[in-house]
Amino acid sequence: MAIFARIADILQANINDMIDKAEDPVKMVKQIILEMEDQVDEATRALGQAMGSQKVAAKELADAKAKSADWNDKARLALKNGNEELARKALDAKVGVDQQIATLQESYDSITAQVDKLKEQVRDLKMKLDEARSRQNVLIARARMAEAQTGVATAIAGTNTDSAFAKLDKMERKITAQEATAEAYTEINGEGLSVEKEFSELSRQGAVDEELAKLKEEMGI
């Protein structure tokens, strides 16, 4: 079946090769699992139908054997009662049934062989499905990891680090210049305040001298 070839491919798959071929490995794995589940369901239904046919054939065979035994019993009863002609008729009917039994037995054996083969195929399919399911998460994790690695590598490849650092250096120089300007303004403002303070103290000292002279005059000193 084609599904066996596909599951063999996915179990042996190189995830990076799948990405290079523009295939989605996650979707591919899930799709193959779904296809295998459909195969198992289909095979199981076929097995169910075959087993149904086997039961019908078994019943027909058992009924024929019971009828043959019944005709044999009737022949014995006829002979016991001295009626050989009737016994011959019963045995003639038995022979006819026995011929049917041979055909029914052949049919039953053929159906049974098919059922056994289908059981083996269904068992193999279920084993492969279990194997695929057990590896599904691992394959998906590998696919997503490969995709992430590819994304990171692409991002790095698309980034001009020299240009980025040049921009950072330019920004740092600009910030340094702004800091120097701010420091200079601070120093200038600081000097202006110092001069004003000196003049203020000078004016206050003059007022104190005047008050002292006035007090001395009043006291006659």
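Guide: Helices here are DSSP runs of H or I with at least four residues, strands are runs of E with at least two, and both are numbered from the N terminus. From that end, the elements of the protein chain read α-α-α-α-α, which amounts to five helices and zero strands. The model is predicted, so local features need pLDDT of at least 70 and side-chain atom pairs count only at pLDDT 80 or more, while totals for chains, interfaces and linings use all residues. Residues are numbered from 1 along each chain as its sequence is written, and side-chain values use heavy atoms, with hydrogens and water left out.

Visitor: Why is Ser 68 called buried?

Guide: Buried means under 20% relative accessible area, exposed means over 50%, and partly exposed is in between, with a 1.4 Å probe and protein chains only. Ser 68 has 7%, so it counts as buried. This residue sits in helix 3, residues 25-80.

Visitor: What makes the pair of Ser 68 and Asp 98 a polar contact?

Guide: The term requires a pair of N or O atoms within 3.5 Å; within protein, one must be able to donate a hydrogen and the other to accept it, and residues adjacent in sequence count only if both atoms are side-chain atoms. The side chains of Ser 68 and Asp 98 are 2.6 Å apart by this criterion. In terms of plain contact (heavy atoms within 4.5 Å), Ser 68 touches Lys 94, Val 97, Asp 98 and Ile 101, leaving aside residues up to four places away in sequence.

Visitor: How do you know that Asp 98 and Lys 94 form a salt bridge?

Guide: A salt bridge needs a side-chain nitrogen of Lys or Arg within 4 Å of a carboxyl oxygen of Asp or Glu. Asp 98 and Lys 94 meet at 2.8 Å, N to O. They are four residues apart in helix 4, and therefore separated by about one helical turn. Asp 98 is partly exposed at 29%, whereas Lys 94 is buried at 19%.

Visitor: How many salt bridges does the rule give?

Guide: The count is four. Among them is the bridge between Arg 133 and Glu 37, at 2.8 Å, N to O. Arg 133 lies in helix 4 and Glu 37 in helix 3, so this pair ties together parts that are 96 residues apart in sequence. Another is Lys 59 with Asp 63, at 3.1 Å; these two are four residues apart in helix 3.

Visitor: Why is Lys 59 called exposed?

Guide: Its relative accessible area is 53%, so Lys 59 is over the 50% limit. Asp 63, at 40%, counts as partly exposed.

Visitor: What makes up the largest nonpolar core?

Guide: A nonpolar core is a set of buried Ala, Val, Leu, Ile, Met, Phe, Trp, Tyr and Cys residues joined through side-chain atoms within 4.5 Å. The largest has 18 residues, and Val 29, Ile 33, Met 36, Val 115 and Leu 129 have the most contacts inside it. Helix 3 and helix 4 (84-157) each give two or more residues to this core, with helix 3 giving the most, ten. Ile 33 touches Leu 129, Ala 132, Arg 133 and Gln 136, not counting residues up to four places away in sequence.

Visitor: Why does Ile 221 count as exposed?

Guide: Its relative accessibility is 69%, so Ile 221 is over the 50% limit. The residue lies in the segment after helix 5 (161-219).
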